[in-house]
Amino acid sequence: MRSETEWAPHTASVSGPSLCGHQVDNENRKHSSDQGGPISSETRINDRIRVPEVRLVGPAGEQVGIVRIEDALRLAQENDLDLVEVAPQARPPVCKLMDFGKFKYESAQKARESRRNQQLTVIKEQKLRPKIDQHDYETKKGHVSRFLAAGNKVKVTIMFRGREQSRPELGYRLLQKLAEDVTELGFVESSAKQDGRNMIMVLAPHKNVKPKAKAETAPEPVPEA
């Protein structure tokens with residue numbers, strides 16, 4: 001006859017390795033956090049995904065459904081692909097079948113291309129007086145045209161003094177004239193508006209206008225002997 005202790009259920013292993021992978025992973029993360037250790041934020045793939053089941057997405061984006069991790073890994077191996085965890089916060093986590101090496105390479109290429117095409121927006125400023133003479137106007141217009149041709153935005157400011165503040169229409173007409181004169185290079189991004197003693201308008205270059213490179217200095221002619 002067995003003793004009473006022999007019939008007692010074996011409960012010691014319940015809190016040990018028999019816990020599911022997801023629970024073990026949570027316990028490990030909590031333990032690392034309590035001790036101040038780093039928690040990895042890298043994408044988990046294949047055997048590093050330690051959960052009992054996942055919501056699987058096929059290589060073409062098709063929804064496979066919730067499957068056991070063993071079945072997901074088997075499908076990845078059969079198709080010569082990787083099982084990649086794309087949404088670890090979901091319950092269950094979302095994983096996709098893909099070529100992870102190719103995915104990382106293409107992502108790096110896109111990031112590099114994006115940085116190459118990114119242009120730093122520069123805002124230049126040009127100040128005018130409402131009663132500017134024609135010669136000075138042509139000079140200022142040339143500066144604005146050069147800024148726009150270089151791909152920069154231009155903040156045009158009309159400065160009023162004394163009694164000129166009672167004639168804002170002078171500044172408005174001048175800004176309108178300038179916008180029309182440079183319409184081939186830019187457009188009015190921010191219409192003329194009063195700002196204290198000044199009136200401000202912002203011009204932006206057309207998207208199809210390519211920045212002009214600086215003109216190369218022509219070589220000096222070699223004197224004949």
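Which side-chain oxygen reaches to within 3.2 Å of the backbone nitrogen of His135 at the start of H4? In this predicted model, the oxygen belongs to Asp133. That's a handy place to begin a walk along the helix.

From there, H4 runs over residues 134-149, 16 residues in total. From first C-alpha to last, H4 reaches 22 Å, close to the 22 Å expected at 1.5 Å a residue. Once the helix is done, along comes Gly151, with a positive phi near 85°.

An α-helix has 3.6 residues a turn, so residues three or four places apart point the same way.

Next, hop back to strand E1, residues 53-57, which runs antiparallel to E2, residues 63-68, with 5 bridges joining the pair. Here Val57 has Gln63 in E2 as its bridge partner. The two strands make a hairpin with 5 residues between them, and Gly61, sitting in the turn, has a positive phi of about 90°.

E1 has another partner too: E4, residues 94-98, which runs parallel to E1 and is joined to it by 3 bridges. On this side, Arg55 stands opposite Val94 in E4.

Note on methods. Residues are numbered from 1 along each chain as its sequence is written. This is a predicted model: local features need pLDDT of at least 70, side-chain atom pairs count only at pLDDT 80 or more; totals for chains, interfaces and linings use all residues. Side-chain values use heavy atoms; hydrogens and water are left out. Helices (H or I, at least four residues) and strands (E, at least two) are DSSP runs, numbered from the N terminus. The expected span of a helix is 1.5 Å times one less than its number of residues. A polar contact is a pair of N or O atoms within 3.5 Å; within protein, one must be able to donate a hydrogen and the other to accept it, and residues adjacent in sequence count only if both atoms are side-chain atoms. Two strands pair if DSSP finds at least two bridges between them.
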